[in-house]
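Here's a quick tour of a protein model, from ring contacts to overall shape. Have the structure open and follow along.

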Amino acid sequence: MIHKKTILILVAVIVLLIGAVFGIGLLQGDEDEPSGISATTVEIFKTAKETITEIELNLPEETFTFARKAEGEDKWYVKEKPDVRLKNTSVSSLVSEFSAIMGAELIAETDEDLAQYGLEPAVATFTVRFADGKSEILALGNQVPVKNSYYFCRLGEGKVYTIYQSKANTLLRSLTNYRDSSLLDVDTEQLNYVKIQSPRRTIELKLVTTGEGEAQSQEWRMLQPRSKKTDIQRVTEQLLTKIPAIGIKEYIDDTPADYGKYGLGASATVVSLADAEGTEQTLYFGGEDEKGNVYFRMGGRKEVCITAAGSVDWLEVDAFLLTDKFINLENIANAASITVEKGDQKHTLSIVREGETEVYKLNDVETIESTFKSELYQPVIGLLADGFCDDAVHGAPVFVITYHLVDGTTKRYEYVPYDERNYAVFSGGRCEYRILKKELDNMYASIENVAKGAKQ
C-alpha cells in the first residue's frame, strides 16, 4: 500500500512542474502573430469597412489605387488601370485588413526622428480615403531587429507602433496578387470547337452529332488540314485535357505599343475555342522570354501575359496523331465485295448473303469463314496510314482497292508511289495519306497465300 506521505510528495512535485512550465512560457513570449488578439495587442486604426472608398498603395516597386465601383457595393477596380480584371474577393479582403489594423505594441510617442524607424521616408505608405472626403495616411517602416515585426504609424498621430510580419506582408503585396489569373471564359468540360492556326499550319476540330434516336452519338471531326474522323483518345490526351492547364503566370505589359516584340503580331499562333453554351474565345500565343515562358494575350483584351512553356506544348501537336489512321475501316456488315488490284492481277473478296446464311468467297471460290475474316478481310481493312500526303504526287497506281457496299455505293482507293518507302493514298482524286509500302505488300501476300490454296 502506498504511504500517505509519498502521495503528498508526488502531488507537490506535479504542482512544481506545472508552475515551471507556465513560467517558462511567460519568459519566452511569442514574437509571431498570435492566433487571437492578445492582451498586448494595440489598436492602431479602425473604421467601418463600408466607409472606405479608395486605398492608394505606394509600394517600393509600384503605386496603384483600388477604388469602390459604386457606393454600397463591395466591388473594386484599379483606378489607374480600369481595364485590369481583379479577383474581387482578394481586394475585398485587403479592404477588411485596412478597416482594422492592430499592432503588436506601442514603441514610442513621437513625431520626431522617424527616419530611425524607416518611416521618414517610409518603406511604403497607404492612403485610405472615405466617403465623407476625409483620408488617413498610414506608413510602414523597417523590420524590427531580431523580432518578426515592422515599424508602423499613422502620419500626424505622433505614435510609432510595430505590426506583425504577416500583416506587413499582406499590405506589401503587388498588384499581380490581386489580378484575375483565370484565363478561359469557355467551359473546358463542354468544348465543341478547337482551332489552332499559325503561319505554318492549321488544325481545326469540331464536335459533331451523328445518327438519330438511340443511335445518336457525338464524335470529334477534323476539318483541317484534312476532313477526317479523329481518334477520340488522342484528341482527349493531346488537347482536351491539356487546354484547361494554361493559366496566367504573370502580367508583363498592360498597354503594349507593339505586339510584334512579343511575337504576338502576324507570326502569332491563334487559338479559337467554343463550348456547348455558345461561349467563344480567342487566344494569341507568341515568342518566349529568357526563361522559356510563352507570351500570350486574350482576344478583346490589351494585356500581354506569360504562361509556363509546358502548359502550351499542345500548340505543336501533330495533326496526323489526332486522326483515325485506318484508310477505310469498313464494317463487314456493310461490304458486299472488295476487289484488290495490283497491275494486271485482281483478287475479289465477296460475301454472298441468302437470308441469314453468308458464304465467303475469294475469286468465286468458297473460303472458310475464319480464314476469310482473318487472312483476307482483316488485312485489307486494317491498312494504317503513316502520315499525311504533303507533297504533290503524280503517277499510275500500283494497287487499287475498291469496296462495293450493300447499299450500292463504292469506295475506291489508289496507291501511287510517293517515295522509296511509301505510297500516296488517293481517294476521290485527292491525296489523303501516305502509307508504308510494306503495309500493302504484307496485305497482298496474305491474299496471294490464300489464293494459292494454302489456307482454303
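## Charges over rings

Which residue lies over the face of Y284? That's R297, at 4.1 Å from the ring centre. K325 does something along those lines too: its charged end sits over the ring of F320, 5.2 Å from the centre. To count here, NZ of Lys or CZ of Arg has to be within 6 Å of the ring centre and within 35 degrees of the ring normal.

A word on ground rules: this is a predicted model, with local features needing pLDDT of at least 70 and side-chain atom pairs counted only at pLDDT 80 or more, while totals for chains, interfaces and linings use all residues. Residues are numbered from 1 along each chain as its sequence is written, and side-chain values use heavy atoms, with hydrogens and water left out.

## Aromatic pairs

The structure holds 16 aromatic pairs (Phe, Tyr or Trp rings, the six-membered one for Trp, with centres within 6.5 Å; planes under 30 degrees apart are stacked, over 60 edge-to-face, the rest tilted). One of them is Y117 with Y151, an edge-to-face pair at 4.9 Å centre to centre and 65 degrees between the planes. Y117 lies in the loop between β6 (105-108) and β7 (124-130), and Y151 is in strand β9 (residues 149-154), so this pair ties together parts 34 residues apart in sequence. Both Y117 and Y151 are buried (under 20% relative accessible area with a 1.4 Å probe, protein chains only; exposed is over 50%, partly exposed in between).

Elsewhere, ring pairs link F64, F66 and Y178 into a cluster.

## Nonpolar cores

The largest nonpolar core has 62 residues, and I401 and Y415 touch the most other members. A core here is a set of buried Ala, Val, Leu, Ile, Met, Phe, Trp, Tyr and Cys residues joined through side-chain atoms within 4.5 Å. There's also a second, separate core of 31 residues, with F98, F126, Y161 and L171 among them.

Back to I401: setting aside neighbours within four places in sequence, its contacts (heavy atoms within 4.5 Å) include I338, V380, L383, Y415, L440 and M443.

## Overall shape

The chain has six helices and 28 strands (DSSP runs numbered from the N terminus: H or I of at least four residues for helices, E of at least two for strands). Its C-alpha atoms fill a box of roughly 110 × 85 × 45 Å along the principal axes. Buried residues make up 39% of the 456 in the chain.
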